[in-house]
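Here are my notes on the model you sent over. Have it open on screen while you go through the points.

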Amino acid sequence: MDAVVVYESMYGNSERVARAVAQGLGERVRVLVLDVDDAAAAPDVLPEADLLVAGGPTHAFGMTRPATRADAVQRATGDVSRRTRGLREWVESMPRTADARLAATFDTRVTKVKPLPGSAARGAAKVLRRAGYRLLTAPASFYVGDVEGPLDEGELERARTWGRALADALVPATVPPRV
Ligand SMILES: Cc1cc2nc3c(=O)[nH]c(=O)nc-3n(C[C@H](O)[C@H](O)[C@H](O)COP(=O)(O)O)c2cc1C
């Protein structure tokens, strides 16, 4: 039983969430964590996995785009990713899967605009469903205090708990029923 967690992160918050989700999953299944560039460079890894978890920051109510990533670089006061590939480009390049593979998506968003619609996790879920994936659970959002973070208190623990719940749902979802 294997899971792969693929993330995009401009300021590191989504990466921290990805690693916490992987910790939770890792209590029951084997997990590999990859950023989108490494995932794109290792196309053989995914078909082997029972579950794909994909996540990244919400930009302009959805997944990042080249222009929003450039904006994020301009706003940065500390470390920032300068990669040209985002979660959107990666999920949109995924080949269609014929065997209803399992997926789950997450994003990070700013707490103060919580009531606003639009989330990268929902956008990624839509693309993955179109590619033939079956969602194991509803898209999840984790919250940061401001654009560069930090994550709100308790969010990493919530991410670990979400990862544990994914593993709990994954085991029965992949074991064929006994007849
Ligand atoms: C250009 C830009 C647009 C953003 N748009 C949104 C938005 O629509 N909704 C929201 O909740 N947060 C928005 N944010 C805040 C990001 O969600 C936040 O920077 C991100 O969750 C931090 O994660 P990261 O450290 O993994 O990049 C935006 C940030 C940037 C830089």
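**Notes on the ligand site and a few other spots**

1. Start with the shell around the ligand: α1 (13-26), α4 (66-75) and β4 (102-110) each supply at least two of its residues. Helices (H or I, at least four residues) and strands (E, at least two) are DSSP runs, numbered from the N terminus. Bear in mind that this is a predicted model, where local features need pLDDT of at least 70 and side-chain atom pairs count only at pLDDT 80 or more, while totals for chains, interfaces and linings use all residues. Residues are numbered from 1 along each chain as its sequence is written, and side-chain values use heavy atoms, leaving out hydrogens and water.

2. Who comes nearest? Of the 20 residues around the ligand, the answer is S9, S14, T58, T108 and V147; "around" here means having a heavy atom within 4 Å. By type, the shell divides into 10 nonpolar, 8 polar and 2 charged residues.

3. Now the polar contacts (pairs of N or O atoms within 3.5 Å). N13 puts a polar side-chain atom 2.7 Å from a ligand oxygen. Taken alone the ligand exposes 620 Å², and the protein buries 93% of that (Shrake-Rupley areas, 1.4 Å probe).

4. Two backbone details to check. G149 and P150 are joined by a cis peptide bond, omega about 0 degrees, and P150 lies in the loop between β6 (140-144) and α7 (155-174). A60 is not a glycine, yet has a positive phi of about 50 degrees; A60 sits in the loop between β3 (51-57) and α4.

Notes:
Polar contact = N/O pair within 3.5 Å; in protein donor to acceptor, adjacent residues only side chain to side chain. Nonpolar A, V, L, I, M, F, W, Y, C, P; charged D, E, K, R; others polar.
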